[in-house]
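Please look over the structure shown here before reading on. The notes that follow are grouped by topic.

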Amino acid sequence: MSTDSTGSTQLTSTAIVTPVSIPKRHPFISWSLAILTAMLGVYLSIIQFAGLEWLSRSGCLIVILGVWSGLGGIIQERLLLSRLNFHHRIVLARAKRKLHKSKVSSENIASEIQSIEDDFEEKTGKLLQAVRL
């Protein structure tokens, strides 16, 4: 907690949640597996291995890879949002406790809580945008 020259109290919070960076290798691995599966399906269909239609089966495997990749993004998004919500609740509780201990006026308490809420909304927007890209 710090005070500026006007005497109002400002809380500084350290970010537990770091900026999201999705590794570049995951899309590369997914595309590589999809292309390899399609090529294997074409090859097995040409040689008629076991007399079955392997191209359609490889297409099903490619769809499963796509679904798995999409679910991974959704799971990552939910996990990061829950971590951010937990951090937000901690920062809000600490701010309220420190402001009540220092007996700050109710207007200042409301403005500090609003600034914490605005910061949370901004972080949530950035997080969702980073994960969805």
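L40, V42, Y43, I46, I47, F49 and L55 together make a nonpolar surface patch of about 700 Å², in what is a predicted model. Helix α1 supplies the largest share of this nonpolar patch, namely four residues.

**Nonpolar patch and the loop**
- L55, a member of the nonpolar patch, is found in helix α2, and because its relative accessibility is 41%, between the cut-offs of 20% and 50%, L55 counts as partly exposed.
- Q48 is found in the loop between α1 (25-46) and α2, and its phi is near 50 degrees, which is a positive value in a residue other than glycine.
- Q48 counts as exposed, because its relative accessibility is 59%, whereas the cut-off for exposed is over 50%.

**Helix α2**
- The 48 residues of α2 should span 70 Å at 1.5 Å a residue, and the end C-alpha atoms of α2 are 71 Å apart, which agrees.
- The buried residues of α2 are S58, E77, L80, L81, L84, H87, H88, V91, L92, A95 and L99.
- An α-helix has 3.6 residues a turn, so residues three or four places apart point the same way.
- Just after α2, K103 takes a positive phi of about 55 degrees.

**Positive patch**
- On the surface, R94, R97, K98 and K101 gather in a patch of positive charge.
- K98, one of these residues, is found in helix α2 (residues 54-101), and K98 counts as partly exposed because its relative accessibility is 36%.

Conventions: Residues numbered from 1 in each chain as written. Predicted model: local features only at pLDDT ≥ 70, side-chain atom pairs only at ≥ 80, totals over all residues. Heavy atoms only, no water. Patch = residues over 30% accessible without salt bridge, like charges linked within 9 Å, V, L, I, M, F, W, Y side chains within 5 Å. Areas by Shrake-Rupley, 256 points an atom, 1.4 Å probe, with all protein chains shown as cover. Salt bridge = Lys/Arg side-chain N within 4 Å of Asp/Glu carboxyl O. Lys, Arg positive; Asp, Glu negative; His and termini not counted. Charge placed at Lys NZ, Arg CZ, Asp CG, Glu CD. Helix = DSSP H or I, 4+ residues; strand = E, 2+ residues; numbered from the N terminus. Buried < 20%, exposed > 50% of the residue type's maximum accessible area, 1.4 Å probe, protein only. Expected span 1.5 Å × (residues − 1).
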